[in-house]
Amino acid sequence: MPRRLLRILLILLLVPPIMATVMGWLVAPSFLHPVRRPLTPGLIREADASFAHSRAQREDFNVSAPDGAELRGWKVRPQEPNGSWVLLFHGVADNRVGAIGQSEILLRAGYSVVMMDQRAHGESGGAMATYGWLERNDTRAVVDALAASEHPAHIFALGESMGAGIALQSAGIDPRMEAVVAEAPFASLREASYDYAGLQEYPLLGKTFFAPGAWMMLYRGGKLAGFPAAGVSPEKAVAGRDFPVLLICDEADNTLPCRHAKRIYAAARGPKSFWMVPGAFHTAALGFAPEEFRRRVLEFFGQLATGPGPRSQAR
């Protein structure tokens with residue numbers, strides 16, 4: 001009986017990590033190739049109706065990334081622009097129209113916005129998504145093109161989920177990006193992998209029994225894409241450059257729980273503020289508290305827009 005119990009105990013201890021490792025190996029390619037949300041005529045009509053309601057005009061804005069990938073998006077100007085621009089960053093498996101609600105708030109306040117499809121999303125090119133490793137240089141190319149054509153007084157960023165992580169990493173390497181609003185960001189790709197390994201309900205399992213699956217997914221994904229997954233870290237980005245951040249976490253978020261935003265907040269060197277939205281699920285702050293969202297975002301950017309703009313920086 002003791003030997004039989006020991007065998008059962010060993011099976012219970014070893015089988016979950018082994019199965020998790022196999023699953024991590026299998027899902028690694030899909031993590032690099034998220035489902036594309038096409039920019040359909042219906043979505044374009046929806047966006048145009050929103051812009052018309054805000055009395056704004058859009059134009060195509062296409063930029064070549066450093067590796068040659070074509071990045072497609074829009075520049076949108078309000079009727080009475082205040083000279084400042086905000087780059088909007090959508091979440092994974094979405095496209096530029098995913099940030100339409102945030103664009104309405106900004107356009108009505110006089111901010112011009114840039115709405116790009118991230119690489120491997122929407123209409124943009126790129127073989128795979130790297131969650132900030134290549135995207136931060138994509139953003140720098142977008143800022144180069146924006147600075148050359150518009151000469152903005154200030155450049156800010158607002159992103160959600162994957163887009164929040166990319167925005168923070170982009171600002172970490174480009175001083176022309178003066179401040180970032182980040183809703184539901186991931187602290188690092190490794191930390192986010194624990195939530196996915198724990199089925200987005202049990203992160204402790206993702207860090208213990210199922211941790212080998214998270215490690216394998218990152219290892220194989222990094223090998224397939226040719227980038228170090230450990231280097232994808234908004235947490236490190238805010239520790240490396242002292243730019244202002246407004247971090248928003250959604251209290252009921254199981255996809256990227258508030259511990260991610262709290263880690264980023266603790267690491268940030270620059271001026272920082274933190275807002276936990278009661279009852280909100282993943283990236284739902286605008287829906288749960290629209291007036292508070294509007295007030296906090298506009299106050300955050302407004303305090304910075306009154307000062308001098310950043311010095312022009314060469315790539």
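What volume does the largest cavity have? Before I come to that, please keep in mind that this is a predicted model, in which local features need pLDDT of at least 70 and side-chain atom pairs count only at pLDDT 80 or more, while totals for chains, interfaces and linings use all residues. Residues are numbered from 1 along each chain as its sequence is written, and side-chain values use heavy atoms, with hydrogens and water left out.

Rolling a probe the size of a water molecule over the atoms shows where empty space is left. A cavity here is a set of points, on a 1 Å grid over the protein atoms alone, where a 1.4 Å probe fits but cannot get out, and its lining residues have an atom within 4 Å of a point. The volume is the space filled by probe spheres set on the points, which are joined across faces, edges and corners.

A search of the whole structure gives two cavities of 30 Å³ or more, and the largest has a volume of about 100 Å³. Its lining is made of 13 residues, and those nearest the centre are Phe89, Met116, Gln118, Thr139 and Val142. Helices (H or I, at least four residues) and strands (E, at least two) are DSSP runs, numbered from the N terminus. With that in hand, β3 (84–89), β4 (112–116) and α4 (135–150) each supply at least two residues of this lining, and α4 gives the most, namely four. By type, the lining of the largest cavity has seven nonpolar, two polar and four charged residues, where Ala, Val, Leu, Ile, Met, Phe, Trp, Tyr, Cys and Pro count as nonpolar, Asp, Glu, Lys and Arg as charged, and the others, Gly among them, as polar.

The second largest cavity has a volume of about 30 Å³, and its lining includes Pro185, Asp250 and His260. Here β7 (245–250) and α10 (258–267) each supply at least two residues.

Let me turn to two loop residues. Tyr131, in the loop between β4 and α4, has a phi near 60°, a positive value in a residue other than glycine. His151, in the loop between α4 and β5 (154–160), likewise has a positive phi, near 50°. Tyr131 is buried because its relative accessible area is 10%, whereas His151, at 63%, is exposed.

Definitions and conventions
1 Å grid on protein atoms, 1.4 Å probe; cavity = no way out; pocket = protein on both sides within 12 Å on 5 of 7 lines; lining within 4 Å. Buried < 20%, exposed > 50% of the residue type's maximum accessible area, 1.4 Å probe, protein only.
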